[in-house]
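Subject: Structure handover

Hi,

Please open it first, then read the notes below.

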Amino acid sequence: MSTEISPFDQPKYVMLKPAGAACNLRCDYCYYLEKKHLYAESRRHIMSEETLEKFVEQYMALTAGPSVLFTWHGGEPLMRPLSFYRKALALQEKYAGGRQVDNIIQTNATLITDEWARFFKKNNFLVGVSVDGTEEMHDAYRPTAQGRPSWQQVMRGIRTLNRHGVEWNAMATVNHINAGAPADFYGFFKEIGCRYIQFTPVVERIYRRPDGRHLASPVDGAWAELAPFSVTPQQWGEFLCGVFDCWVREDVGSTFVQIFDATLAGWIGVPPSLCAMSPTCGHAAAMEAGGDVYVCDHYVFPEFKLGNIATRPLTEMMYSPEMTEFGLNKQRLLTAQCRECPYLFACHGECPRNRFAVSDDGERGHNYLCAGYRRYFAHVSRYMDFMKYQLQHKQPPAAVMDWIKAGEPDYRHPAR
Ligand code: SF4
Ligand code: SF4
């Protein structure tokens with residue numbers, strides 16, 4: 001009997017790129033800016049109302065269940081005017097059939113005005129803000145298109161969101177510079193009152209192409225050179241351990257760090273909220289402004305295109321043999337080292353886009369960040385075990401903080 005977990009078992013999502021790759025910033029490690037070269041024939045590659053309506057109608061048909069989640073992404077989605085999103089909301093209402101519709105928008109926050117914030121508040125948008133820590137950390141790699149620092153503008157955007165009571169969370173990339181200061185990095189988010197943080201490792205390889213793109217696709221050869229801003233496996237492991245040590249002593253239950261939540265989910269055997277820690281891929285596609293659909297936001301390369309919603313229905317694409325194959329390959333193409341790894345149940349070989357390294361026994365296709373993950377999982381194991389025990393006994397995992405203060409006594413065989 002097959003032990004594969006099918007991508008069919010999970011709900012399907014499609015992330016939208018209403019402004020394509022257009023952005024007012026020029027972050028050095030952005031994986032999306034260069035996608036404009038895929039659409040070089042159109043001077044302004046933005047989503048038309050016709051494509052938007054087609055998408056909304058087809059997406060509603062794709063999504064079963066009582067609520068539907070729209071994710072607006074970029075480039076910078078605020079490069080589109082408010083009128084575009086007002087139109088989107090009207091279309092959502094038209095096609096929702098009475099179902100609840102939720103919206104998430106991922107932004108660099110530099111373009112947020114009172115008007116945007118009022119709109120987000122009124123329509124219950126969850127805003128994801130890309131910010132890479134303190135001014136010094138952030139400005140190391142995130143200049144504006146004019147080459148100026150952007151951190152002050154980001155913070156002004158965050159203050160505007162706070163003033164209007166908009167719900168927001170932080171998406172922070174961990175790169176070669178900020179990885180070295182986990183406590184300061186994490187402390188920054190606590191200081192600004194952020195209670196939900198996603199940390200994403202920056203891993204890119206340089207692979208120059210004639211069309212102007214310069215980043216390697218996940219299937220490009222092992223010879224593509226690692227970009228200098230990439231985090232090293234050792235840095236990533238130390239970073240996760242450093243942030244975890246702060247979090248597990250003070251903030252369990254009050255600050256949510258996505259990768260720690262996903263790790264605990266793996267420990268207790270429930271699906272994690274982080275695709276990188278899921279057994280399969282193939283449940284979250286990305287749609288470019290002109291309607292082209294790709295298997296994943298990180299696989300927007302011609303060889304991973306499923307089709308265009310003008311000519312192929314979204315449901316057909318999302319359940320196509322190509323998408324299923326892509327999803328299952330995460331599991332099928334694990335190296336022997338991963339298959340035998342004691343942390344496979346929580347890691348699942350992480351994101352396939354990072355599988356360009358060689359395993360300890362010389363097998364190609366191993367995850368570049370593996371050594372960092374092994375370090376992290378070994379470090380958090382006993383705390384995860386404790387929190388799992390708590391959950392199994394219907395007790396709050398946050399008790400881990402008191403357990404640490406008490407010197408980590410034996411909780412499975414307590415002294416009588
Ligand atoms: S390829 Fe990576 S980012 Fe895409 S769905 Fe799979 S794990 Fe997630
Ligand atoms: S920690 Fe390394 S060996 Fe273990 S599953 Fe993750 S990538 Fe594979």
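How do the residues of the shell around ligand 2 divide into nonpolar, polar and charged? They divide into seven nonpolar, three polar and two charged. Nonpolar here means Ala, Val, Leu, Ile, Met, Phe, Trp, Tyr, Cys and Pro; charged means Asp, Glu, Lys and Arg; the others, Gly among them, are polar.

Before the rest, the ground rules. This is a predicted model: local features need pLDDT of at least 70, side-chain atom pairs count only at pLDDT 80 or more, and totals for chains, interfaces and linings use all residues. Residues are numbered from 1 along each chain as its sequence is written, and chains are lettered from A and ligands numbered from 1 in the order in which they are written.

**Ligand shells**

The shell around ligand 2 consists of Gln337, Cys338, Cys341, Tyr343, Leu344, Cys347, Gly349, Glu350, Asn367, Cys370, Tyr373 and Arg374. A residue is near a molecule if its C-beta atom, placed from the backbone, lies within 6 Å of it. Helix H11 (336-339), helix H12 (344-347) and helix H13 (370-392) are the elements that give two or more residues to this shell. H13 gives the most, with three residues. Helices (H or I, at least four residues) and strands (E, at least two) are DSSP runs, numbered from the N terminus.

Around ligand 1 you will find Cys275, Ala276, Cys281, Ala284, Cys296, His298, Lys330, Cys351, Pro352 and Arg353. That shell divides into seven nonpolar, one polar and two charged residues.

**Overall fold**

The protein chain holds 14 helices and 14 strands. Its C-alpha atoms fill a box of roughly 70 × 50 × 45 Å along the principal axes. Of the 416 residues, 42% count as buried. Buried means 20 or more other C-beta atoms within 10 Å of the residue's own, exposed means 12 or fewer, and partly exposed lies in between, with C-beta atoms placed from the backbone. Residues 24 or more positions apart account for 70% of the contacts with a separation of 6 or more. A contact needs C-beta atoms, placed from the backbone, within 7 Å.

**The sheet**

Ten strands form an open sheet with mixed pairing, in the order S9-S6-S5-S4-S3-S2-S1-S10-S11-S12. Strand S9 (256-257) and strand S12 (305-308) stand at the edges with a single partner strand each, so one side of each has no neighbour in the sheet. Two strands pair if DSSP finds at least two bridges between them.

Strand S1 (residues 13-16) and strand S2 (residues 67-72) pair in the parallel sense over two bridges. Met15 has Thr71 of S2 as its bridge partner, and Leu16 has Trp72. In a regular strand the side chains alternate between the two faces of the sheet. S2 has a covered face of Val68, Phe70 and Trp72, and an uncovered one of Ser67, Leu69 and Thr71.

**Backbone points to check**

- Gly74 and Gly75 are joined by a cis peptide bond, with omega about 5°. Gly75 is in the loop between S2 and H2.
- Helix H2 (residues 82-95) has 14 residues and should span 20 Å at 1.5 Å a residue; its end C-alpha atoms are 20 Å apart, which agrees. The expected span is 1.5 Å times one less than the number of residues. Gly97 follows H2, and its phi is positive, near 60°.
- Ala109 is not a glycine, yet its phi is positive, near 70°. Ala109 is in the loop between strand S3 (100-107) and helix H3 (114-122). Ala109 counts as buried, with 26 C-beta neighbours inside 10 Å.
- Asn124 also has a positive phi, near 60°. Asn124 is in the loop between H3 and strand S4 (126-130). Asn124 counts as exposed, with 12 C-beta neighbours inside 10 Å.

Arg375 is in helix H13. Arg375 is partly exposed, with 17 other C-beta atoms within 10 Å. Not counting residues up to four places away in sequence, Arg375 touches Gly237 and Cys241. Arg375 and Gly237 are 138 residues apart in sequence, but 5.6 Å apart in space, C-alpha to C-alpha.

Best wishes

Methods
Two residues are in contact if their C-beta atoms, placed from the backbone, lie within 7 Å.
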